[in-house]
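This briefing is meant to be read with the sequence and the 3D view side by side. Please follow each element in the view as it comes up below.

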Amino acid sequence: MKTNLLSEPFSAEQGHRHETLYKTRTLMIATFVFAKDGALKDHVTKGVVMIQVVDGRIAVKTSSQTYEMSPGEVLVLASNVHHTVTAHEPSQMLLTVYLAG
């Protein structure tokens, strides 16, 4: 899957690409691949967010803390927490969002 995302013919937006793997009314699972210094700008999600690093190193910054993450590490953010994600090197993460229904 990582190879498929990286070989897409169009430019990556802000140094990342993503693919939704599963989606229902209350659950979304997606994979993201980042180039070095690729980022997701400050945003907020109305559900509980779980970020799992698959490859590389990323930083997740909230208003109160920066989490430096490596492969195998998992971070859970409560609903409505503003955050940014920045890749220190080419990286892949799995994102799960749970929307209470």
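Strand 1, which covers residues 16-23, pairs with strand 2 in the antiparallel sense, and 7 bridges hold this pairing. The model is a predicted one, and in it the secondary structure of the protein amounts to 1 helix and 9 strands.

**Strand 2 and its partners**

- A hairpin of 3 residues links strand 1 to strand 2, and within this pair histidine 18 stands opposite phenylalanine 32 in strand 2.
- Strand 2 is also joined to strand 9, where 8 bridges connect the two strands and the direction is again antiparallel.
- One example of the pairing with strand 9 is isoleucine 29, whose bridge partner in that strand is threonine 96.

- An open sheet is formed by 4 strands in the order 3-8-5-6, and the pairing within it is antiparallel.
- Its edges are strand 3 (39-43) and strand 6 (66-69), each of which pairs on one side only, while the twist from one strand to the next averages 15°.
- Strand 3 and strand 8 run antiparallel and are joined by 3 bridges, and along this pairing alanine 39 stands opposite threonine 86 in strand 8.
- As a general point for reading such views, side chains in a regular strand alternate between the two faces of the sheet.

**The nonpolar core**

- The largest nonpolar core contains 17 residues, and those with the most contacts inside it are Ile51, Ile58, Val60, Val85 and Met93.
- At least two residues of this core come from each of strand 2 (27-34), strand 4 (48-55), strand 5 (58-62), strand 7 (74-77), strand 8 (83-87) and strand 9 (91-98).
- Which residues does valine 85 touch, if those up to four places away in sequence are not counted? Valine 85 touches Phe34, Gly38, Ala39, Leu40, Ile51, Ile58, Ala59, Val60 and Met93.

**The protein as a whole**

- The protein has 101 residues, of which 34% count as buried.
- Among the contacts in the protein with a separation of 6 or more, 64% are between residues 24 or more positions apart.

Methods. Residues are numbered from 1 along each chain as its sequence is written. This is a predicted model: local features need pLDDT of at least 70, side-chain atom pairs count only at pLDDT 80 or more; totals for chains, interfaces and linings use all residues. Side-chain values use heavy atoms; hydrogens and water are left out. A nonpolar core is a set of buried Ala, Val, Leu, Ile, Met, Phe, Trp, Tyr and Cys residues joined through side-chain atoms within 4.5 Å. Buried means under 20% relative accessible area, exposed over 50%, partly exposed in between (1.4 Å probe, protein chains only). Contact means heavy atoms within 4.5 Å. Two strands pair if DSSP finds at least two bridges between them. Axes are lines fitted to C-alpha atoms, for helices over the stretch in contact, and angles run from 0 to 180 degrees between N-to-C directions.
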